[in-house]
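Hi,

Here is the structure I promised to pass on. Have a look at it first, then read my notes below.

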Amino acid sequence: MKVSIKDNLSKKMLLWYDKNKRDLPWRKSKKDLNPYQTWISEIMLQQTTVEAVIPYFHKFTAKWPTIKKLSESNIEEIMDAWSGLGYYSRAKNIHKAAKIITKEYNDQIPNNYDELIKLPGIGPYTAGAILTIAYDKKASVIDSNIERIILRIQGIKKPKDKVKKELIKISEELCPDIRSGDYVQAMMDLGSAICKPNNPKCNLCPIKKFCYSYKNNLTNLIPIKKTRKPIKIRKARLFWIVSNQNRIFLRRRPLTGLLPGMLEFPSSDWIIKSKESKKEILFPIKGNWKPITGNVMHTFSHFQLSLKIYICRDVNEKKLEGIWKKENDIPNLHLPSLMKKVYKHVFSNTNN
DNA sequence: AACGCGGGGAC
DNA sequence: GTCCCAGCGTT
């Protein structure tokens with residue numbers, strides 16, 4: 001890459017950023033820079049939109065204002081605070097990392113790549129983001145926005161995983177020595193507002209004069225899209241159990257796998273549709289079971305789930321090991337989105 | 001290199 | 001409905 005592009009691109013981006021930056025809660029002035037808040041925001045923002053993160057960031061940092069406080073909390077509290085945000089291993093890893101930072105780094109988030117990358121939940125992107133945004137160091141930072149911008153500017157028509165080394169090199173070269181944090185955030189804002197995946201607004205782009213794809217009308221072809229596999233459909237029966245004290249039965253999922261440690265209403269195994277057996281329904285307890293009209297559908301990252309809900313009333317609470325909650329308390333529980341869909345479906349299809 | 005891992009907004 | 005999002009850990 002030519003030196004003139006390197007210098008001028010970051011200058012253009014910083015000028016653009018000063019005029020167009022979004023006002024986000026984790027964007028502090030220099031004197032208020034807080035590596036802890038940078039870390040939490042970057043973890044929350046992994047594969048998650050800014051709009052979804054904002055309320056969670058406020059709640060989380062209000063409840064745990066320091067790493068020390070966070071390291072002293074328990075995992076259930078953290079999982080509850082994360083419920084609804086998705087990708088729950090991030091919450092587990094934050095807890096693990098907080099303990100390590102407190103124990104081994106005197107409550108200070110490391111300021112070098114080799115130590116950062118060792119922490120659970122911090123990979124190449126997040127390490128670079130913390131180095132630039134929290135510590136104003138020059139680093140290679142590649143998120144999906146910056147990746148797309150570089151591929152377009154350079155007119156790279158190969159699949160991105162074939163040019164990984166090249167992208168790392170270019171992203172570091174483009175990163176300025178001063179205001180590196182502002183620069184990477186400028187690039188991400190540009191990717192979000194201008195250099196979008198589809199129908200980019202090139203006429204508004206401050207760096208279009210550096211862009212091979214703009215000049216050659218290739219922005220709709222770069223980055224090349226790879227076909228993704230269709231996701232499978234799973235089916236299951238979910239059991240809505242009401243006790244003779246008018247409370248609802250829940251249990252906590254195991255701390256590994258899907259929705260780790262989250263509360264749920266019990267269900268049968270989630271079976272892939274083609275393998276569905278016609279065996280008799282195995283209810284968790286004897287009783288007068290009745291199906292509820294309709295199904296609850298929910299799409300996860302790698303499969304879709306269709307739930308048929310069955311309801312049983314007047315159950316003795318001592319017959320089941322788990323958590324019993326009053327119906328009025330259900331909406332206030334920390335449930336994953338799937339289970340929120342479930343209780344809304346039940347409430348709207350029964351007349352309690 | 002491919003997969004498991006959530007949820008929601010834009011279109 | 002499909003695509004995408006400030007990715008990471010595991011296999």
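How many aromatic pairs does the structure hold? There are 15 of them, and keep in mind that this is a predicted model. A pair of aromatic rings is described by the distance of the centres and the angle of the planes.

Take Phe60 and Trp82: their ring centres are 6.0 Å apart, with 90° between the planes, which makes the pair edge-to-face. Phe60 sits in helix H3 (residues 50-63) and Trp82 in helix H5 (residues 75-82), so the pair links distant parts of the chain, 22 residues apart. Phe60 is buried, at 1% relative accessible area, and Trp82 is buried too, at 0%.

Now try Trp240 and Phe347. This pair is edge-to-face as well, because the planes are at 90°, with the centres 5.9 Å apart. Trp240 belongs to strand S1 (residues 232-243) and Phe347 to helix H13 (residues 337-349), so the pair ties together parts 107 residues apart in sequence. Trp240 is buried, with 0% relative accessible area, whereas Phe347 is partly exposed at 26%.

For the overall picture, chain A has 13 helices and seven strands. Of its 352 residues, 46% count as buried.

Cheers

Definitions and conventions. Residues are numbered from 1 along each chain as its sequence is written. Chains are lettered from A and ligands numbered from 1 in the order in which they are written. This is a predicted model: local features need pLDDT of at least 70, side-chain atom pairs count only at pLDDT 80 or more; totals for chains, interfaces and linings use all residues. Side-chain values use heavy atoms; hydrogens and water are left out. Helices (H or I, at least four residues) and strands (E, at least two) are DSSP runs, numbered from the N terminus. Buried means under 20% relative accessible area, exposed over 50%, partly exposed in between (1.4 Å probe, protein chains only). Rings of Phe, Tyr and Trp (its six-membered ring) pair if their centres lie within 6.5 Å; planes under 30 degrees apart count as stacked, over 60 as edge-to-face and the rest as tilted.
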